[in-house]
Amino acid sequence: MRELAEVAPGVLVATAGLYTTTSTVIADGQGGCLIVDPAVTVSELDELATALDARGLSPVAGWSTHPHWDHLLWSVRLGDVPRYGTVDAAAAVERGRAELIGELIASAPGHDLELFGRLTALDEEYIPWPGPPVRVLRHAAHATGHGALWLPQVGVLLAGDMLSDVEIPLLDLDGPDPAGYYLAGLELLAGVADVGVIVPGHGHIGDRAEYLRRVRADLYYVSALEHGDLAAGRDQRIGESWQRAEHDRQFAHLHA
Ligand SMILES: [Zn+2]
């Protein structure tokens, strides 16, 4: 885990080595903070807790953007505080807990399984916490119960596993309409006014121009994929072998 980088006033991002996974910390201005998707190995979570200690920040709440194992982690050092997710995300974790734990152990062993995925379902538009307003943008792209976060006072969009510079859109192939749901989620994120900073769940932070570029790139990819256009397979982000395999799987699923 690298140091915490301040991407906007009171918004700090740490980037883990595994999958370029980001963890975002939002300060409440009173010594507390909201932690979004703390990740990803045991030692990286430990380093995150140490970095928070060094800045005098204590977690008062958490948020998991979606019910995939690498976004459901927690450490005893982050404290016993409510860890929110959408209603659908919390339900998905309960349903899929055994499978999620299997994936966790295979990729990042050693976590406290009692703390893993303990979400409090939140059905409100804003996260109930003492800090600046944090609005939940619910959709079902990438995963059921995906909740991106919008921080209107500082213009920061925490996109979860979307709008990445290093990963192609990964559709929820278990859902009833993978491409349609993904496009609906993208439309929601594209409709947020005045985004100045984009923070993807995996990848690098971008400015407004980069946000707009990623929206276009993801819309292009998913539209091409939906229509069986081979141009989707030429997306520049398909560099690593696992993404080629994911692309091929998505294409085959939609056009079997
Ligand atoms: Zn994910």
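Visitor: Which residues does D28 touch, not counting residues up to four places away in sequence?

Guide: D28 touches C33, V60, W129, P130, G131 and P132, where contact means heavy atoms within 4.5 Å. Bear in mind that this is a predicted model: local features need pLDDT of at least 70, side-chain atom pairs count only at pLDDT 80 or more, and totals for chains, interfaces and linings use all residues. Residues are numbered from 1 along each chain as its sequence is written, and side-chain values use heavy atoms, with hydrogens and water left out.

Visitor: Where does D28 lie?

Guide: You'll find D28 in the loop between β3 (22–27) and β4 (32–36). Strands are DSSP runs of E, at least two residues, and helices are runs of H or I, at least four, numbered from the N terminus.

Visitor: What makes you say that D28 has no salt bridge?

Guide: A salt bridge needs a side-chain nitrogen of Lys or Arg within 4 Å of a carboxyl oxygen of Asp or Glu. For D28, the nearest side chain of opposite charge, R55, is 13 Å away, and Arg counts as positive while Asp counts as negative. So there is no salt bridge for D28.

Visitor: Which backbone nitrogens does the side chain of D28 reach?

Guide: That of Q30 lies 2.7 Å from a polar atom of the D28 side chain, and that of G32 is reached at 2.8 Å.

Visitor: Why is F116 called buried?

Guide: Buried means under 20% relative accessible area (exposed is over 50%, partly exposed in between, with a 1.4 Å probe and protein chains only). F116 has 2%, so F116 is buried. F116 sits in the loop between α2 (87–107) and β7 (120–122), and among the residues F116 touches are W69, L72, R97 and L104.

Visitor: What covers the buried residues of α4?

Guide: The cover includes β10 (156–160), α3 (178–190), β11 (197–200), β12 (206–207) and α5 (241–254). Buried residues in α4 include E210, Y211 and R214.

Key:
A polar contact is a pair of N or O atoms within 3.5 Å; within protein, one must be able to donate a hydrogen and the other to accept it, and residues adjacent in sequence count only if both atoms are side-chain atoms.
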